[in-house]
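Here are my notes on this entry, as numbered points. Please read them alongside the coordinates.

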Amino acid sequence: MAILRIQNLTKEYSTGFLGKRFRALNNLNLEVEEGEIFGFLGPNGAGKTTTIKMLLRIIFPTSGTAWLLDKELGEAPDIHKIGYMPENPYFYRFLTGQEFLMFYARLSGMSSGEARKKVDELLEIVGLTYARKTRLSDYSKGMVTRVGLAQSLITNPSLLLLDEPMSGLDPIGRREIRDLIHQLKEERKTIFFCSHILADIEMLCDRIAILNKGELIKLGTVREILSSQSPDYIISLEGLSEAALEEIKGMNIKKYEVIGGFHHFTAPSQEDAQRIAQRAMADQGRIIELRPERGTLEDYFIREVGTRE
Ligand SMILES: Nc1ncnc2c1ncn2[C@@H]1O[C@H](COP(=O)(O)OP(=O)(O)OP(=O)(O)O)[C@@H](O)[C@H]1O
Ligand SMILES: [Mg+2]
């Protein structure tokens, strides 16, 4: 069942005093299924936060609509079932982490006993128990991210909208948050999150959407997206004569490197790699390795987004 359904969602902002309109999101359509971890990717200014803010009714669409947990944008939402972690959380600086979470827990209608229990549990989950009595103004960026994530979990929501949940975290922190997100998935929660840390997305997401300048440019699993790319071929050789080396360098190759005494060539197709192999073998060269390389999501992202001016 689609927990989140976005239909033709469009947002235009008025910019400048002449009221010129700028389209930050153009006709977005997508569905997120129950229990999915869905990554919403895009470079700065792609329209990710704009989308999340519309889903939360913080700003209003110019056109189009969406359904969250079967409630359309115009209807009263099940706010307790939706958790939100903002991109640049502004927190009450003089509260401690514990007080801050208590405030939200009480606001959500919990008794003080329930709230205390929930807050202790969440502080433990996000690894902030040790800093519960520290003021938020003394928290590091990573600690602010963690407390923001704890806040989004207070009502035990079934749908989480997380805007850059890994930002400011060191590699260990990112790993912990990734593990936590996996754990939330096991509890059948649906997680929709924005990020540009592509390695995290590759490891975490069931499906991803790539947004650029307000347009959806790709939707699918990481595997689908990467396998739609034709791979490069890496061929590593040793024992080449000068003549063979020079000849191969003149063939259709993308890259040539010498690493640890081996000659590594990157060829754009299997046929090119085979031609290189034949030339090397004709000269008693040895093939150390010949393999396709699909590249990472990061390569894909840079290629697709980096060239779209
Ligand atoms: N209130 C606003 N008024 C005018 N333009 C806006 C407003 N909010 C956002 N924009 C513009 O809309 C575009 C999309 O912004 P948005 O914040 O949604 O991007 P994003 O994908 O979240 O980027 P980032 O990765 O930097 O967080 C940007 O060009 C931004 O400058
Ligand atoms: Mg943003």
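1. Start with the ligand. Helix α1 gives the largest share of the shell around ligand 1, three residues. Helices (H or I, at least four residues) and strands (E, at least two) are DSSP runs, numbered from the N terminus.

2. Basis. This is a predicted model: local features need pLDDT of at least 70, side-chain atom pairs count only at pLDDT 80 or more, and totals for chains, interfaces and linings use all residues. Residues are numbered from 1 along each chain as its sequence is written, while chains are lettered from A and ligands numbered from 1 in the order in which they are written.

3. Ligand 1 is surrounded by 14 residues, the closest being Tyr-13, Ala-24, Lys-48, Thr-49 and Thr-50. A residue counts as near if its C-beta atom, placed from the backbone, lies within 6 Å of the molecule. Two or more residues each come from β1 (2-15), β2 (20-33) and α1 (48-55). By type, the shell has four nonpolar, eight polar and two charged residues. Here Ala, Val, Leu, Ile, Met, Phe, Trp, Tyr, Cys and Pro are nonpolar, Asp, Glu, Lys and Arg charged, and the others, Gly among them, polar.

4. Thr-50. This residue sits in helix α1. Is Thr-50 buried or exposed? Thr-50 is buried, because 21 other C-beta atoms lie within 10 Å. The cut-offs are 20 or more such atoms within 10 Å for buried, 12 or fewer for exposed, and partly exposed in between, with C-beta atoms placed from the backbone. Setting aside neighbours within four places in sequence, Thr-50 contacts Lys-11, Ala-24 and Leu-25. Contact means C-beta atoms, placed from the backbone, within 7 Å.

5. Helix α4. Nine of the twelve residues of α4 are buried, including Met-143, Arg-146 and Gln-151. The buried residues pack against β6 (82-85), α2 (97-107), α3 (112-125), β7 (159-163) and α5 (171-186).

6. Cores. The largest nonpolar core has 63 residues, and Ala-150, Ile-191 and Phe-192 have the most contacts inside it. Strand β2 gives the most to this core, with five residues. Apart from it lies another core of ten residues, among them Tyr-233, Ala-267, Ala-273 and Ala-280. A nonpolar core is a set of buried Ala, Val, Leu, Ile, Met, Phe, Trp, Tyr and Cys residues joined through C-beta atoms within 7 Å.

7. Ile-191. Leaving aside neighbours within four places in sequence, Ile-191 is in contact with Ile-37, Phe-38, Leu-160, Leu-162, Ile-181, Leu-184 and Lys-185.

Notes:
Contact = placed C-beta atoms within 7 Å.
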